[in-house]
Structures are given as structure tokens and as C-alpha cells.
There are 2 protein chains.
Amino acid sequence: MREFKRKFRVLLIDDNADHLRGVKELITLESSYDVVGTTTSANIGINLAKKYRPDIILMDINMPEKDGLQAIQEIEKLNLGIKVIALSGYDDSDLIFRAMKIGAKGYILKTMASAQLIYAMDEVAAGKIYLPTALTSRFFEYFQNSFKEEASSTSEENLLTYLTAREEEVLELLTQGNNYKGIAGKLFISETTVKTHVNNIFQKLQVNDRTQAVLYALNNGFGNKRRTKIAV
Amino acid sequence: MREFKRKFRVLLIDDNADHLRGVKELITLESSYDVVGTTTSANIGINLAKKYRPDIILMDINMPEKDGLQAIQEIEKLNLGIKVIALSGYDDSDLIFRAMKIGAKGYILKTMASAQLIYAMDEVAAGKIYLPTALTSRFFEYFQNSFKEEASSTSEENLLTYLTAREEEVLELLTQGNNYKGIAGKLFISETTVKTHVNNIFQKLQVNDRTQAVLYALNNGFGNKRRTKIAV
DNA sequence: TTTGTCTTACATCTTTGGATTGATAAAATA
DNA sequence: TATTTTATCAATCCAAAGATGTAAGACAAA
């Protein structure tokens, strides 16, 4: 049986009709891609995605009507395996970060050479994630900055280190929303003992109540799973 | 006044003496780099970093004695502006992610061509962050996976959407550790009103007390800065 | 206009939380 | 061995939090 090389199906979403036409022509020249639809509306684009199930979507994310990032997110939620490449006029690190976070498989600037667009599509079609080197650098600046605060705040002094093993157990249960009775039951000790521990925890963490204790714990890397803040 | 083109100072840390020697010779051939030190020990490497203040450190992260990632972290904490490039034998996405998270300016496989190493050093020396395309792809697989769980868990139903604007304000203050009096003072309303709001919040979030409400809020993307869990 | 939601507010009552003091036994440490 | 830390428990007291019901004025939608 002879094997046919299937063409990848592409959907274009861009509110700029001129740019849309240009990209369409460009892609049509490539033998390995078929443009199955074009639209200037993000909402229509989402419906076309459901209908045509393209392999790849090129999505302009600088649209006034609807946020392109939001559109990407909605398409990702459909879980149709559609690979979305973000097209943008800006190499803003925050934009790049957010696009990649919500699942874009690539991010290309509109000013980039057409060859780069095709290359990105080739890579993405092959199951990879593609970001131009320059944008990768931008992304990582943002990415690493997100973690810097954490490192610096941690380096001050972590009052959690003063807690005893038992106190950590109690705090762990506090961070799960337990009250005295719940903690006492889970640790098989009396409620008054829990009170003693909790009071000692308050002293050591220099807080006034359980909510503040829980917040301190979560913000200072309590437990095995460290939670990290990333502004999105 | 005549300007001299300064050579970049490089420190090599690699527990494999053979590899260390090879890399040293390779770099010495380059006119723009000076190897100011080599060592097979991570701990000694950290001390050499303090002493010589190199521009760049090539750090093997697959060392038995001390974890190379930990060493990178310690060097980053020194805040000397030293750019660390991770050298590794593995293109494991988790390793790449962790290295970049703690501030590595690059990640190179030992099996890669020497030209790529030099190119990475050039880029990093110029203040950029460099990851080979293949590793970038790996990184993003891991990165995007970290957020997938969040998206699915969020898609269940976010009870926070039922809160009124005022209730959100109150909850915001709750998540900052305020008690009734504090909230009342900050919103210029009476304490009893705050109680009413808080009780309504409990109903809507289906929780029993403020700690649980705060935990629900933090775990369900409350506020403008959404906190995201990334296992590290 | 009527209906409904939101925000504000108060009263009352019960439960929970937090502070303080004191005490005992085991375990770790000097 | 002597001393300190840790974990356990209790009693008491006051403050804070939480549950419940009621209600008035603002405002928007039907």
C-alpha cells in the first residue's frame, strides 16, 4: 500500500485582514501545508477550530475584540491536540511568558522573516515547541525573575527552622484547614496539647493567629512541595 | 585613550578530570576567553568563584560529591553577577527546568559540539540566556505540563466567581491575615458588617472558617497575582 | 413599579481560639 | 549526672470568631 504524505491543515486567525492574506499566500506556497480557514475574529476562529480540527493554528494575539491569549486558552481546553502558534507584534517578555504558559507551541513575531515562520511550523508540526532564540532569551529573563524574589525572601531568615518536628506536624495540619479538634484527632493527642503546640508555633513565627501562621508557612516554602509564586 | 578588548574570565568545575582538561584546552584556543581556574570539586569551585570573580562558570551538574544544581544556587546567592552555564550529560527536562529555575544562564550537553559550547559562552557573555533549540523544546514540555494540572483543576468550578466585589475585597484582606477589626478599619465599615460579609463568603466557598477560606482562595487563583504551583 | 441583589448594620448566642500558668515524664545534651 | 528541650495534659479566663435572624437604603434590571 502506498503511503501518502499528508498535508498539515492550518487555520489562520488575525484581525488584520491584510496580514492575514499575506500569511495565507505564503503558506499556500508550501507544499506541506493546507490553509483550511482564515478569519479576523477570535470567536469565529474558535468555532472553526472545533469544526475543521486543524493541525496548527496561527493566532494573532494582539487583537482588540477578544484577547488572543484567552482564545488560545479556550482552544487548549478543548483538548483537540491542536497546536497553536502565537503571532505577535511585540517581543514583550510578559506576553511571551503568558503565551507559553497557557500552552502555545510557539511564538513568532510578525516582523520575522517568512522562512522563520515556516520553520516554526515545521518544528511544531513535528511535535516540538519552537521559540526563536531571541525570544527564548526574553522568556528566560522573565522566568528567572519570577523566582528571584523567592530566593531573596528566603535568604532573610526562615523562622520555620525553629519549629520542632511535632510543631511542624501541627502546622502542616493547620495549613490543611484543621481546627484544634481535627488536629487532636489526627495526632491522637488531646486538644489542650494541640493548643500548647499552636501557641508555641505562634511565638516562633511571630504571628497572632492561625491564619497568619498558615500564610507564613505557605509563603516560606513549607512542606515538601514548595509553592512558588509566579505572577501571571 | 586606547580601549582594550577585555578577555572574559572563565572558571571550570567538573568532577571528570579528563573532560575538564579537554574543555580547558578547547577554551584556551579561543582568543576571547581566559581560564582562570579549574577544579573537580563543587565546594572548592564555590570558593574559587568568590576569590577570582570570573565572568562565567561552566558547571558540571552531574557530580556525586555535591549536587551541581545546589552549587549553582549558592553561587547565585552570592550575587556576584557571575554567569553560570550548566554542563550535563543528560537532556532530562526536569534537570533543565531546575537549572534554569535557579538562575543558570545556559545549559549545554557534554555531547554537543565544541562550537556550540563556544557559541553559548559568547551569548551568555553578551548578557543573554542560551539554550540549544532541542533543549528549549524539552524545557517547555516540562514547563507547560506544570500548568496543565492547574488548568484542569480550575476547570471544575471556581466558587470564587460567586463572590461580589465587596466580598472579594474582604477576602483579599483575609488572605493578608487581617482580623475583623483590621478589615473594618481598612474598609471603613463596621465590624458587624465585616462579619456579615465573611459569613457570606463562607457560605459561597463552602468552608467553615477563615483559614479554610484563605486556603481556598490561594489554591484557586485568587486576586490579580495568581499563584501557581510548580513542583521543584 | 416591582423585584432582586448588594451593601450596610445591629443584636444575640454559641463555639472556637488564644494567652497564661503550671506540671509531669521522656529524651536529648552538656 | 545534671540540665535543657520536647511532648504531653489541665484549668482558667478573655477575646475573637462564627451562626442566625432581621432590616434599611441604593441601585439595577425586569
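Q: How many residues does the contact take from chain A and from chain B?
A: The contact, where contact means heavy atoms within 4.5 Å, takes 39 residues from chain A and 38 residues from chain B. This is a predicted model, in which local features need pLDDT of at least 70 and side-chain atom pairs count only at pLDDT 80 or more, while totals for chains, interfaces and linings use all residues. Residues are numbered from 1 along each chain as its sequence is written, chains are lettered from A and ligands numbered from 1 in the order in which they are written, and side-chain values use heavy atoms, with hydrogens and water left out.

Q: And what area do chain A and chain B bury between them?
A: Chain A and chain B bury about 3300 Å², 63% of it on carbon and sulfur atoms; buried area is the accessible area (1.4 Å probe) that two parts lose on being put together, summed over both. On the side of chain A, the residues that lose the most area to chain B are A:Ile129, A:Phe140 and A:Gln144, together 18% of what that side buries.

Q: How many salt bridges are there between chain A and chain B?
A: The count between these two chains is zero, where a salt bridge is a side-chain nitrogen of Lys or Arg within 4 Å of a carboxyl oxygen of Asp or Glu. Over all chains, however, a search of the whole structure finds 18 salt bridges. One of them joins the side chains of A:Lys7 and A:Asp34 (3.9 Å, N to O).

Q: Where in the chain do A:Lys7 and A:Asp34 sit?
A: A:Lys7 lies in the segment before strand S1 (8-13) of chain A, whereas A:Asp34 is in strand S2 (residues 33-39) of chain A, 27 residues apart. Strands (E, at least two residues) and helices (H or I, at least four) are DSSP runs, numbered from the N terminus.

Q: Switching to chain B, what is the order of the strands in the open sheet?
A: Five strands form the open sheet of chain B in the order S2-S1-S3-S4-S5, with parallel pairing; two strands pair if DSSP finds at least two bridges between them.

Q: Why is one side of S2 and of S5 left without a neighbour in the sheet?
A: Strand S2 (33-39) and strand S5 (106-109) of chain B stand at the edges and each has a single partner strand, so one side of each has no neighbour in the sheet.

Q: Which strand pairs with S1 over four bridges?
A: In chain B, strand S1 (residues 8-13) pairs with strand S3 (residues 56-60) over four bridges, in the parallel sense, and B:Met59 in S3(B) is the bridge partner of B:Ile13.
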